[in-house]
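Please view the sequence and the model together while reading.

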Amino acid sequence: MIREFAFGLGRRHYFEDASNMVKWMNLKSDTYMSLYEYDNDVKDYFAQNKKLSGYDGKIYIPEEFILDVDGGTPEDAQQKAIGLKIMLHDLDIPFKVFFSGTGFHFHISSSSFTYRPHKNLHFKMKEVLTKHGIFEYADPAVTDKLRLIRVPNTKNSKSGCYKTELRNGMLEGSINEIIDYALEPQSLSDDILEGQPVFNILIEDTDEATEQIVVSQGRSPDPSLYPCIGGMLESIPMGKRHHVALRLSAWLRWLYPEDVVRYIMEGWRVQVSGNDSPFTKKEMDSIVRSAYEAHNGQGNKFGCNDPVMDEYCKNTCRLYRNKRSQTIMDASEMESNLIEFYKSDVTPLNIGKLYGGDFPVYPGEVVILQAPPKSMKTMLLQNWMVAFKVPTYFLEMEMSPRQIWSRFVQIENGWSDTELKEHYKSFQNGQDKHFQWLMVNYSSISARDLEKTILTLPVKPRLVVIDHMGLFQSNIKDPNMKVEEASQAMMELAVKHNLIVFAVSEINKSAMREGMGVSSTKGSFRTAYNANKLLSLIPRRSITTGELEALDLRCEANRERENLTVRLTLDNVRIKHESVGYV
């Protein structure tokens with residue numbers, strides 16, 4: 001960000017990076033800086049026009065915005081400043097107090113504002129601060145777009161005093177002691193102001209969009225695990241680097257030893273620093289110390305509803321649904337949610353594509369496959385798993401490892417039973433190399449332990465397959481409620497961890513007689529409601545021999561628009577399609 005600096009009001013238009021303010025401090029003369037910050041457009045405008053009057057570019061709130069309190073005498077200004085201090089305390093806004101040489105300056109954090117850069121930001125600033133009563137004490141004229149304000153520790157030629165930061169309690173003391181204290185430059189505190197947003201300075205302007213610079217850090221992390229942290233680590237958040245550094249260091253502080261925290265933060269500091277906008281080691285050291293020592297030694301903590309964390313939030317996060325801010329959404333937020341989904345370019349598992357059609361399943365969705373006994377449900381799922389070859393957790397609570405592994409190898413290689421036996425009777429191995437994506441659990445667990453099991457896996461699966469829902473352990477005796485408990489656990493797992501869940505469900509007795517539909521899953525009707533997609537697998541048997549000849553796969557319910565109707569045929573353990581139809 002750029003700031004204008006000036007030696008007195010007659011020698012203006014020195015444009016430098018805002019972080020270079022330290023170069024303009026400790027001068028024995030009137031030295032000023034712009035109240036707001038600008039982007040590089042301000043330099044281009046001045047180069048072309050040789051003046052700033054008429055500048056119509058965006059302005060930015062600096063890390064510390066300054067309120068000016070003046071009066072007819074220093075005593076009058078002091079009384080106003082005490083009133084403003086009480087008001088800021090009531091609003092829970094952190095601040096630093098400076099004696100300006102004749103009056104007082106209050107530096108407040110940019111985190112106290114919810115805003116986006118805009119060419120008319122100064123008008124909105126004045127409107128909102130007036131509404132909150134700030135200008136009962138502060139000077140409203142000192143919010144103008146091109147306003148200059150005194151640099152800390154520089155001399156006021158009229159009074160002979162320096163702009164100095166006051167220690168705690170000094171403001172309420174003798175004005176003569178304050179003036180004596182300001183006769184020389186004084187040390188500045190390293191405290192970083194940080195607060196919650198109080199002033200909403202947002203100006204809606206659909207024609208303007210702010211571009212955020214992102215530096216690639218190689219392969220992306222799991223989008224369900226704290227994307228706000230990943231986004232802050234990758235971005236170059238000009239104008240709010242200190243606020244982002246506070247959040248990153250605080251988050252890391254609670255997870256890793258201090259030397260690891262400092263190593264990561266130093267790498268990030270180097271990434272966001274540059275010749276034009278340096279981020280010093282001293283600044284970073286102060287921020288990391290704050291992560292441990294702030295709040296009387298308790299350390300910093302920032303939750304999901306923190307405004308900076310929220311800015312980097314994505315709807316793929318496992319915590320997204322639990323955020324208080326997501327319980328109610330207006331039209332703009334819902335539209336942003338949809339835009340974020342399409343921008344993320346999530347790749348579905350497309351069951352329909354296996355059969356020449358289109359039936360995508362996205363992360364966060366549950367697919368229930370209902371079918372009568374002995375209808376090749378497990379074999380169909382195994383065919384899908386082999387086709388997709390994505391990291392898969394397969395909970396198989398019905399068949400043995402020998403049966404499951406035999407099928408997987410035959411499906412992968414197209415082998416017959418004889419070829420499988422000949423391969424393994426000759427003590428050959430090596431088929432495991434084709435299944436590095438697969439993890440199979442053969443023990444029965446409870447539905448409520450499903451999430452814990454997934455979290456302990458060495459590799460996070462993209463697909464979870466349950467065979468079958470009725471075999472979960474449960475303290476619930478009612479079989480209907482037991483299956484409902486399982487369906488609820490699967491839905492929460494899919495949404496919270498951004499996974500795809502395939503699950504087998506048996507059908508009820510009436511469906512055995514009358515045919516399958518939406519209400520055919522064994523258990524309560526809630527089971528079907530918890531599924532994003534409900535598929536029926538209908539066996540077709542020979543009239544003469546009773547042997548299974550074909551399978552009809554049919555979509556009974558889908559929260560999206562795609563439909564699926566396909567006839568499948570059996571080729572040993574491979575299941576292929578014969579015909580396909582879509583509505």
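Which residue stands opposite Y32 of β3? The residue opposite Y32 is A6. The model is predicted: local features need pLDDT of at least 70, side-chain atom pairs count only at pLDDT 80 or more, and totals for chains, interfaces and linings use all residues. Residues are numbered from 1 along each chain as its sequence is written, and side-chain values use heavy atoms, with hydrogens and water left out.

**The sheet containing β3**

- An open sheet is formed by 4 strands in the order β2-β1-β3-β8, with antiparallel pairing; strands and helices are DSSP runs numbered from the N terminus (strands: E, at least two residues; helices: H or I, at least four).
- Its edge strands, β2 (11–17) and β8 (148–150), each pair on one side only, where pairing requires that DSSP finds at least two bridges between two strands.
- From one strand to the next, the twist averages 35 degrees; axes are lines fitted to C-alpha atoms, for helices over the stretch in contact, and angles run from 0 to 180 degrees between N-to-C directions.
- Helix α1 (residues 41–49) packs on this sheet and touches β1 (2–7) and β2, and its direction makes about 145 degrees with that of β2; contact means heavy atoms within 4.5 Å.
- β1 and β3 run antiparallel and are joined by 3 bridges.
- Strand β3 (residues 31–34) also pairs with β8 in the antiparallel sense, over 3 bridges.
- Within β8, R150 stands opposite Y32, and I149 is the bridge partner of M33.
- Both faces of β3 are covered, with T31 and M33 buried on one side and Y32 and S34 buried on the other; buried means under 20% relative accessible area, exposed over 50%, and partly exposed in between (1.4 Å probe, protein chains only).

**The sheet containing β4**

- A further open sheet has 4 strands in the order β4-β6-β5-β9, and the pairing is antiparallel.
- The strands at its edges are β4 (64–69) and β9 (164–165), each of which pairs on one side only.
- Helix α2 (residues 74–90) packs on the sheet, touching β4, β5 (95–99) and β6, and its direction makes about 20 degrees with that of β6.
- β4 and strand β6 (residues 104–109) run antiparallel and are joined by 6 bridges.
- Bridge partners in β6 include S109 for E64 and F104 for V69.
- Because 5 of the 6 residues of β4 are buried, this strand is largely enclosed by the rest of the structure.

**Surface and distance**

- A nonpolar patch on the surface is formed by L255, Y256 and V260, with about 250 Å² of accessible area together; patches are made of residues with over 30% relative accessible area and no salt bridge, like charges being joined within 9 Å and nonpolar side chains (Val, Leu, Ile, Met, Phe, Trp, Tyr) within 5 Å.
- Y256 lies in the loop between α6 (241–253) and α7 (258–272), and it counts as partly exposed at 38% relative accessibility.
- E293 lies in helix α8 (residues 281–297) and is exposed, with a relative accessible area of 52%.
- E293 and F408 are 115 residues apart along the chain, and their C-alpha atoms are separated by 56 Å.

Notes
Accessible areas come from the Shrake-Rupley method with a 1.4 Å probe; for residues, only the protein chains shown count as cover. A salt bridge is a side-chain nitrogen of Lys or Arg within 4 Å of a carboxyl oxygen of Asp or Glu.
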